[in-house]
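Keep the viewer open as you read.

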Amino acid sequence: MLAQLPLPYLLLMAAASTFVFCLAIDRWTKTRKLTVVLFVLCIGGCLGMVAVGRLQYQHWSARQMLVLYSFALTGLTIGLFPSRRLFLEYGAELRRGVKRDTYEYPARYQAALYVSVVVMCLLAFMLST
């Protein structure tokens, strides 16, 4: 259903999800370098998803992969939302110059992240066929 939208709408949807993700990371960590690196990785991930979709046996179209990218990145943003205070704390430490050996990410935050990304990917799959 969503994959039948005109391509500019799908590109706008992908750009909006990338913008919201990068804005959230920027607000939560207050680190511009990290935001820029994640923006470049998001663009590369989007292009990579479209390329891999074309190479697969069932030949996913670019439109279907843009829907999947948008929903997966939105799921990632939603899944990272519960851990925003933890990111604020780690970002403040990084700006002060404090470096830890390991940065702990509690299991409850991991569960929220995994569940939201999987649910959004399943929703994207159902809505793009």
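First, a term we'll want in a moment: a crossing of two helices is called right-handed if the near helix is turned clockwise from the far one by less than a right angle, and left-handed if it is turned anticlockwise. One more thing before we dig in: this is a predicted model.

Now find helix 3, residues 62–80, and helix 5, residues 107–128. Two packed helices are described by the angle between their axes and the distance between the axes. For helix 3 and helix 5, that angle is about 155 degrees and the axes sit 8 Å apart. Anything over 145 degrees counts as roughly antiparallel, and so that's the label helix 3 and helix 5 get. As for handedness, their crossing is right-handed. Who makes the contact? From helix 3 the residues include Val67, Leu68, Phe71, Gly75 and Gly79, and helix 5 contributes, among them, Tyr109, Leu113, Val117, Met120 and Leu127. Sort the residues of this contact by type and you get 16 nonpolar, six polar and no charged.

Some of those names come back when you look at the largest nonpolar core, which has 21 residues. Those with the most contacts inside this core are Phe21, Ile25, Trp28, Val67, Tyr69, Phe71 and Leu80. Helix 1 (7–29), helix 2 (32–55), helix 3 and helix 5 each give two or more residues to the core, and the largest share, seven residues, comes from helix 1. Take Ile25 as an example: setting aside neighbours within four places in sequence, Ile25 is in contact with Lys30, Leu34, Thr35, Leu38 and Leu80.

What about Ser70, then: buried or exposed? This serine lies in helix 3, and its relative accessible area is 2%. The cut-off for buried is under 20%, so Ser70 counts as buried. Not counting residues up to four places away in sequence, Ser70 touches Leu10, Met13, Ala14 and Ser17.

Time to zoom out. The protein chain has five helices and zero strands, so if you trace the elements along the sequence you read α-α-α-α-α. Its C-alpha trace spans about 50 × 25 × 25 Å along the principal axes. Of the 129 residues, 35% count as buried. And if you take the contacts with a separation of 6 or more, 68% of them are between residues 24 or more positions apart.

Technical notes
Residues are numbered from 1 along each chain as its sequence is written. This is a predicted model: local features need pLDDT of at least 70, side-chain atom pairs count only at pLDDT 80 or more; totals for chains, interfaces and linings use all residues. Side-chain values use heavy atoms; hydrogens and water are left out. Axes are lines fitted to C-alpha atoms, for helices over the stretch in contact, and angles run from 0 to 180 degrees between N-to-C directions. Helices (H or I, at least four residues) and strands (E, at least two) are DSSP runs, numbered from the N terminus. Angles under 35 degrees count as roughly parallel, over 145 as roughly antiparallel, 65 to 115 as roughly perpendicular and the rest as oblique. Contact means heavy atoms within 4.5 Å. Ala, Val, Leu, Ile, Met, Phe, Trp, Tyr, Cys and Pro count as nonpolar, Asp, Glu, Lys and Arg as charged, and the others, Gly among them, as polar. A nonpolar core is a set of buried Ala, Val, Leu, Ile, Met, Phe, Trp, Tyr and Cys residues joined through side-chain atoms within 4.5 Å. Buried means under 20% relative accessible area, exposed over 50%, partly exposed in between (1.4 Å probe, protein chains only).
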